[in-house]
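The sequence and structure are shown below for reference.

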Amino acid sequence: MAEEPTRLPPLPFWRTRYFALVVMAKPERRGIDPLDVLAVLSNPIKRQREPSGRVRYWGWVTHLRSYVRVVTLEDGETVHNAFLDRDFEP
């Protein structure tokens with residue numbers, strides 16, 4: 001039996017199965033468009049590596065009137081999580 005891939009191909013970016021099937025299905029995250037995620041990754045206000053190796057990116061999304069935090073795997077490109085971060089202060 002073939003092993004499940006750890007990440008899904010770009011649309012418009014690499015993402016984990018968790019992100020695709022769980023994160024984006026949550027009602028509070030439905031307002032976050034994949035293009036918003038791509039914009040935060042392309043031009044973050046802040047970038048920080050977690051002790052686990054994952055990378056956090058923050059960016060302002062005007063139509064949501066909020067900062068969005070995007071978390072990638074250690075490779076810095078496979079998106080694992082994205083959410084509104086109303087407590088973020090640049």
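Which residue of S3 stands opposite Trp58? The model is predicted, and in it the residue opposite Trp58 is Arg69 in S3.

**Strand pairing**

Strand S2 covers residues 55–61 and pairs with strand S1 (residues 46–49) in the antiparallel sense. Strand S3, residues 66–72, also runs antiparallel to S2. S3 in turn pairs with strand S4 (residues 79–84), again in the antiparallel sense. The bridges and one pair of opposing residues for each pairing are listed here.

| Strands | Bridges | Opposing residues |
|---|---|---|
| S1 and S2 | 4 bridges | Gln48 and Arg56 |
| S3 and S4 | 5 bridges | Val68 and Leu84 |

**Turns**

The hairpin formed by S1 and S2 has 5 residues between the strands, and Gly53 in the turn has a positive phi of about 105 degrees. Between S2 and S3 there are 4 residues, and in this hairpin Arg65 takes a positive phi near 50 degrees. The hairpin of S3 and S4 has 6 residues between its strands, with Gly76 at a positive phi near 75 degrees.

**Burial**

Strand S2 is largely enclosed by the rest of the structure, because 5 of its 7 residues are buried. S3 is mostly covered, with 7 of its 7 residues buried. In a regular strand, side chains alternate between the two faces of the sheet. From S3, Ser66, Val68, Val70 and Thr72 point one way, whereas Tyr67, Arg69 and Val71 point the other way; all are buried.

Notes. Residues numbered from 1 in each chain as written. Predicted model: local features only at pLDDT ≥ 70, side-chain atom pairs only at ≥ 80, totals over all residues. Heavy atoms only, no water. Buried < 20%, exposed > 50% of the residue type's maximum accessible area, 1.4 Å probe, protein only. Helix = DSSP H or I, 4+ residues; strand = E, 2+ residues; numbered from the N terminus. Pairing = 2+ DSSP bridges.
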